[in-house]
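Hi,

Here is the structure I said I would pass on. Have a look at it first, and then read my notes below.

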Amino acid sequence: MKLLHVMLLCMTSVVAQATVTHKPFGKLPDGSTVELYTLKSASVEMQLISFGARVIAIDTKDRNGKMADIVLGYGSIDPYLNNTNSYFGTVPGRYANRIGKGKFKLEGKSYQITVNNNGNMLHGGTVGFDQKNWTSKEIPNGVEFSLVSPDGDQGFPGTLTAHVRYTLTGDTVRIEYSATTDKPTVVNLTNHSYFNLSGEGNPSILGNEVTLHADKYTPVDSTLIPTGEIASVHGTPFDFTKPMTIGSRIDAKNQQLEFGGGYDHNFVVDGAAGHLRPAAKVYDPASGRVLLVETDQPGVQFYSGNFLNGGVTGVGGKPYQKRSALCLETQHFPDSPNHANFPSTELKPGQTYHTVTTWTFSTAK
Ligand code: GLA
């Protein structure tokens, strides 16, 4: 009996393991090589590249067992170099999302970061972590990407050493971020994958049912900088505490939706940050695919792909239309360095920034 139990346990862990392979994906203009990693479990196959520490493909099964790639991406390096505005699959940094006017004060000193979005800093400034070729190495069930961002990079203080570890076991992708600094700085890392659970290139995600474990969200001004208010979602189109289709209220007359051109807001994840807990769930009735997002972060930016406009063509040869994918960027709140009432994003020498987010794929009827 005991032996059988041990054998079963061993078999389960073998099934859960992923194989990891890598090869060159392409070359950057400076001649350096972009590496491609493929992680494969019994049910999921995922591809990542070192340029931007980026997810470029995730193949999962639909309710009939048919595989499809459910994230937006390109099949070669050039479009990643030429179309940097969408941040497909990347790890934005050193500060994901926006900092108002690119300005903040830290320990009495003022800093000006490069601005790249309506006078604000978005996703780390003009040359963010998405445009860096990270070093990479294979780890059990996955890949680790590392980057050293020098003191003064885009205006941020302190040399920041960052690591992102992606691992795949069974149906779950685990993303683990860590960073250290040699001077006080701010840091906020996330992953910017765009999901279309019917398969990349399908025209709309408006029929997806979304649940957000969030009673509150952070309203924004017309340039998408939080006002500082932490508002209740109840009685508004931002209430996803019960499953709701994205399309049911996206065009409602609501100033916040007008500012975002749809959903482009940070939701305050229920429960204490620092512990992995459910943040979001997406169910695609067409394919039956379900994505569960869990995180230890205080917030999740729900972005309904409003800025996609059909102007780029993805790996499968189809244009990426407006609202044809959604992002669930688990993170600290946007513009935290300018809001004392938001959880702090400061990192000091001697401290280690460490956060975890998981994506679990399944299907439903
Ligand atoms: C984030 C932002 C959006 C948009 C995308 C990238 O989700 O909140 O406003 O800039 O990144 O296009």
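Before the sheet, one term: two strands count as paired if DSSP finds at least two bridges between them. Keep in mind as well that this is a predicted model.

With that in hand, β1 and β2 are an antiparallel pair, with 8 bridges between them. If you want a spot to check on screen, take K23, whose bridge partner in β2 is L36. The two strands make a hairpin with 5 residues between them, and in that hairpin G31 has a positive phi near 90°.

Next along is β3. Strand β2 (residues 33–40) pairs with strand β3 (residues 45–49), again in the antiparallel sense, over 5 bridges. This is a hairpin too, with 4 residues between the strands.

Zooming out, how many strands does the open sheet have, and in what order do they run? There are 5, arranged β1-β2-β3-β4-β5, and the pairing is antiparallel. The edges are β1 (19–27) and β5 (67–69); each has a single partner strand, so one side of each has no neighbour in the sheet. On average, neighbouring strands in this sheet are turned by 20° against each other, ignoring direction.

Where is it? The ligand sits in the largest pocket. There are 14 residues around the ligand, and those that come nearest are R98, H123, H192, D264 and E329.

- R98: a polar side-chain atom lies 2.7 Å from a ligand oxygen.
- N97: a polar side-chain atom lies 3.1 Å from a ligand oxygen.
- Q301: an N or O atom in the side chain is 3.2 Å from a ligand oxygen.

So how much of the ligand's surface does the protein bury? Taken alone, the ligand exposes 300 Å², and the protein buries 97% of that.

Cheers

Methods
Residues numbered from 1 in each chain as written. Predicted model: local features only at pLDDT ≥ 70, side-chain atom pairs only at ≥ 80, totals over all residues. Heavy atoms only, no water. Axes fitted to C-alpha atoms, helices over the stretch in contact; angles between N-to-C directions. Near = heavy atom within 4 Å. Polar contact = N/O pair within 3.5 Å; in protein donor to acceptor, adjacent residues only side chain to side chain. Areas by Shrake-Rupley, 256 points an atom, 1.4 Å probe, with all protein chains shown as cover. 1 Å grid on protein atoms, 1.4 Å probe; cavity = no way out; pocket = protein on both sides within 12 Å on 5 of 7 lines; lining within 4 Å. Sits in = over half its atoms within 2 Å of the grid points.
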